[in-house]
Amino acid sequence: MVTITDKAVAAVKDYLAKEKKQDYGLRIVAQDGCCSGMKYGFFLAERGNDDDTVIAHDGVNFYVDPNSGALLSGAKVDYMVGDHGEGFYIENPNELQQQAGGCG
């Protein structure tokens, strides 16, 4: 399904510790943006929903709803630090397939 890198897990763990929310996890949401590409969101979640896929990695839970899971199949979630700031980065092979199909 979705691969979460060690850097992404470490970033979430650090943030949860700073916010004193160690029991929380991270919800990953994907939406089809048609011609503008996919849109992604990351939200703290105290728990997952009954139909979520839960990806447990080094003590951190990541929650993915079924609709997002279909769009994120085979994707990799990473955390990057660069000249323009830092944040999560999603490498998603489904975006390339979507863009090749066009809109309309």
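**From a hairpin to the core**

Guide: Start at Asp58, which takes a positive phi near 50° in the hairpin of β4 and β5, where two residues lie between the strands. The model is predicted, so local features need pLDDT of at least 70 and side-chain atom pairs count only at pLDDT 80 or more, while totals for chains, interfaces and linings use all residues. Residues are numbered from 1 along each chain as its sequence is written, and side-chain values use heavy atoms, with hydrogens and water left out.

Helices (H or I, at least four residues) and strands (E, at least two) are DSSP runs numbered from the N terminus. Strand β4 covers residues 53-57, and its pairing with β5 is antiparallel, over five bridges; strands count as paired if DSSP finds at least two bridges between them. Across this pairing, Ile55 stands opposite Phe62 in β5.

Contact here means heavy atoms within 4.5 Å.

Phe62 also belongs to the largest nonpolar core, which has 19 residues; Phe62, Ile4, Ile28, Leu72 and Val77 have the most contacts inside it. Such a core is a set of buried Ala, Val, Leu, Ile, Met, Phe, Trp, Tyr and Cys residues joined through side-chain atoms within 4.5 Å. Buried means under 20% relative accessible area, exposed over 50%, and partly exposed in between, with a 1.4 Å probe and protein chains only. At least two core residues come from each of α1 (6-18), β2 (25-31), β5 (60-64) and β6 (76-82). The element that gives the most is α1, with five residues.

Ile28, named above, also meets Ser68: apart from neighbours within four places in sequence, Ser68 is in contact with Ile28, Val29 and Ala30. Ser68 lies in helix α2, residues 66-72, and is buried at a relative accessible area of 2%. Ser68 and Asp52 are 16 residues apart in sequence, with their C-alpha atoms 9.6 Å apart in space.

Leu72 leads on to Asn94. Setting aside neighbours within four places in sequence, Asn94 is in contact with Leu72, Met38, Ala70, Leu71 and Ser73. Asn94 is part of helix α3, residues 93-101, and counts as buried with a relative accessible area of 16%. Its side chain reaches the backbone oxygen of Leu71 at 2.9 Å.

The aromatic rings come last. Rings of Phe, Tyr and Trp (its six-membered ring) pair if their centres lie within 6.5 Å; planes under 30 degrees apart count as stacked, over 60 as edge-to-face and the rest as tilted. The whole structure holds two such pairs. Phe42 and Phe88 are stacked because their ring centres are 4.7 Å apart and their planes at 25°. This pair joins distant parts of the chain, 46 residues apart: Phe42 is in β3 (residues 39-45) and Phe88 in β7 (residues 85-91). Tyr79 and Phe88 form an edge-to-face pair, since their planes are at 75° with the centres 5.1 Å apart. Tyr79 is buried at 17% relative accessibility, whereas Phe42 is partly exposed at 27% and Phe88 partly exposed at 29%.

Key. Polar contact = N/O pair within 3.5 Å; in protein donor to acceptor, adjacent residues only side chain to side chain.
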